Amino acid sequence: MSEHCRHFLFDVNKFDLSLLEADTHQTKLKVFKEQVNQLNESLFKWFKKGSPIEDLVSGRAFVIDEILLRVWSIFVDPADTTITLVAVGGYGRGELHPHSDIDLMILLKKNPTEEYKVAIQKFFTFLWDMKLVVGHSVRTIPDCKKEARKDITVTTNMMEARLLVGSDELFSTMKAVTSPGKIWPSEKFFSAKWEEQVRRHKKYHDTAYNLEPNIKEGPGGLRDIQMIGWVAKRHFDAETLHNLVDYHFLNNKELAELIEGQTFLWRIRFALHMITGRSEDRLLFDYQKELARLFGYEDTHIIAVEQFMQKYYKTVMNLERLNEMLLQLFQEVILYAHKSKKTKPINNFFQSNLGFLEVNRDTVFQERPTAILEVFLLLQTHPKLTGVRASTIRLIRESLYLIDDKFRQDAQAKKIFIDIIKQPHGLTHELRRMNRYGVLAAYLPVFANIVGRMQYDMFHAYTVDEHTLFVVRNLRRFTVPEFANEFPFCSELISNIPKPEVLYISGLYHDIAKGRQGNHSTLGAIDVRAFCLDHKLSADDADIAAWLVENHLLMSSTAQRKDISDPKVINKFASAVKDKTSLDYLYLLTVADIRATNPTLWNTWKDSLLMELYRATKTALLRGLDQPLAQQERISSVQQSARELLLQSKLSNEQIDSVWKDFNKNYFLRYHPQEVSWHTQEILQTDKDSLPIVKTRNTALRGSTSIFIYTADKDYLFATTTAVLEQLNLNIQDARITTAKNGFALNTYLVLDHLGKSVQDETQLRHIVRVLKEGLVDDKISTRNPISRLPVRQHEFMQRPTKITIEQDTDSECTLLMLRTMDRRGLLARVGQAFKKCKIKLLNARIATFGEMAEDTFIITNNNNEPLSQQQEQDNLVRTLHQLLG
């Protein structure tokens, strides 16, 4: 600890330890608590002044040492050599963040007497009364040996033990019996810790790029740095990371990077403890904005919090690279040291060494810079290779400067990169490895812009580069036979597309322009066209890649925001797609993109929507764009098919017509024949005294649970229904609202449960029907405790302005209302109130939640069944919605 740090902790804050000699227990406790509070206030003050974080972390440990020694002396004679107080874990390393656990072990020469038990209990109780977070154990030497042999975590804690007060001899004996010569030799220790890291990384989905990362336990976090230190200490008896330079495991540049990364993460962790007032290692949305402000970031065309988080992600990515390289080195030295070196030539530049790829001389990359890319191609073409030798990883890192403009224009480099894309195996693994090593960003400078770039919302679960590689991974997964059962249609489709590599390149470039000023789809299309032509792909390939990138959102936005039951919508989409090959490419990219955006985003409803759009578009393309399907033709087709189904059910044409005479043409446009048949039968089977009709059924056709409601139309019907469904914790995906000529509402709601699946449980389905019927009869029920589609915590810290857009849909003679607002309690019910107040008729609604945002589309008319063509009508609706939504 620096003299400067001691000075401000003691002299400036007048930390008078003599006050701790007070007479009474309560007085002593009060003094101790006040000094601990004063210590934290002092640390926070100096943190804000920019004091070195190393001083603050070690300084707190130093002062806690002093406090513990004085508390110990109250209950135990410091001269007693049969009992010893030991700091373990992080505290043993002399590192304490403001609210980190103070891990202590009381080491006894023999089993504790009653006197010792009382003293120990009083000691820890006193510490807890001081509001210190103390982890503790009480052990004899045999206990230490037994517990350490049984649990490697205990061994790790004892490795970092530091004597506070007591017997040097007892402490040394404990260190000796838990040493590598007695238990957990370095080979077993390393294997166990590596397995532990693999499990820990898997818990965080093997990515450091979660939007609310754990800075301690996640990949590239502080635990990974500690892992390096533990292995070095166990095998080399290294006291600090600096010793790894002496052992030639790190060079000075790498050590500086490691220390710089640790320092940055320490500053974040310290600030998290300061902001939250507790031990907190999660970079939750709740704290990210405040941390960005504390670290001096300001909004530009990229908001401050995204700049701060990009710095974080780039830091942990670099730490991941170092961790991988060092653990590979440890593996070679510790696990393979006894194995004879078995090298097998691969070509003039590379060889296999114990299953790992390595250069056969240190000058390879200087002689032939394109060999840097060849590393990844060789790993694809030689599946028996299990990885890259650490020395070669280091050489790649040191040679990144060779990937310059001259390198990028080298014909051989371009050929190798395209060969990597075209390989039938290993593309995802090698692109990720290229990203970890920094090669991908060096070779594709446009990719460097998205490395570690996050988007501050609840919709995008990963950084842009991680999301991009997930998209490519999803596309490749469609080609793998053992995963064909996941998305059978995609697997079939991708086997027939002419050039899969064009699809992979489009996936790699679809979000490449995120974070730049301008439309990222348009800018990305320019980039991918340039890449394709530069890498000698044909002009046709460049055209399809550019079209895919520019239109990668077209299919999802059409499916989720448009009425795809309307032939005019299908014809317009088909005209944009132009041919079946483009449709196939776009469908595959769309599915892969949605699944890679957020693990919770894909569901059976989206699956059915995209499939319905794909099939309808395919039919339109086969029919010919010059012969579009007319609305009346679609209506006649639906009626004919539905009538056939009903006649098969022993209903007469007279019975069918008695129901259909009240249905308008929009009804037949919006429903499939099977649904029309279902509705017709339910209406015919129900007498007037049994109204309203509320029926449910699950169908693969819609990928959701359909709720059919037939009741006399009335004010607030949409508001009432949606409020009840929200109370039932159902997610409304689609609402089809039709008013029959007889004044009855023919409404269908497509819903999923809170897990994003259709409701299968029969008891739950009966409950839905019962509650809905009660709500339709008694409007007051719908006002009781409406719930949100979004967890409250994220909602609170993700405030976004409401955006309302009104467009005229000249094709269907109605108005489109697009609402983008924060999801909230009873949102749809309030929208329904606005429609009632403004005398708006709702024809159809598409309900979508993207993270914290509700993005709902409503197809509406005025009370005269006309589009809202008057500006006054539109302004009144927008004003009313803002009033009700806040």
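The following legends describe close-up views of a predicted model.

**View 1. An open sheet of four strands.** The strands are arranged in the order S3-S2-S1-S4, and their pairing is mixed. Strand S3 (134–140) and strand S4 (162–165) form the edges, each pairing on one side only. From one strand to the next, the twist averages 30°.

**View 2. Strands S1 and S4 with helix H8.** Strand S1 (residues 83–87) pairs with S4 in the antiparallel sense over three bridges. Leu85 stands opposite Val165 in S4. Helix H8 (residues 168–177) lies across S1, strand S2 (102–108) and S4, and runs at about 105° to S2.

**View 3. A salt bridge between Lys253 and Glu257.** The closest N and O atoms of this pair are 2.7 Å apart. Both residues belong to helix H12 (residues 252–276), where they are four residues apart, about one turn of the helix. Lys253 counts as exposed because its relative accessibility is 58%, whereas Glu257, at 16%, counts as buried.

**View 4. A salt bridge between Glu430 and Arg433.** The two side chains meet at 2.9 Å, N to O. Helix H20 (residues 427–437) contains both residues, three residues apart, and both Glu430 and Arg433 are buried.

**View 5. A salt bridge between Asp541 and Lys499.** The closest N and O atoms are 2.8 Å apart. This pair links distant parts of the chain, 42 residues apart: Asp541 lies in helix H27 (residues 539–550), and Lys499 in the loop between helix H24 (488–494) and helix H25 (500–509). Asp541 is buried, with a relative accessible area of 11%, while Lys499 is partly exposed at 30%.

Technical notes
Residues numbered from 1 in each chain as written. Predicted model: local features only at pLDDT ≥ 70, side-chain atom pairs only at ≥ 80, totals over all residues. Heavy atoms only, no water. Pairing = 2+ DSSP bridges. Helix = DSSP H or I, 4+ residues; strand = E, 2+ residues; numbered from the N terminus. Axes fitted to C-alpha atoms, helices over the stretch in contact; angles between N-to-C directions. Contact = heavy atoms within 4.5 Å. Salt bridge = Lys/Arg side-chain N within 4 Å of Asp/Glu carboxyl O. Buried < 20%, exposed > 50% of the residue type's maximum accessible area, 1.4 Å probe, protein only.
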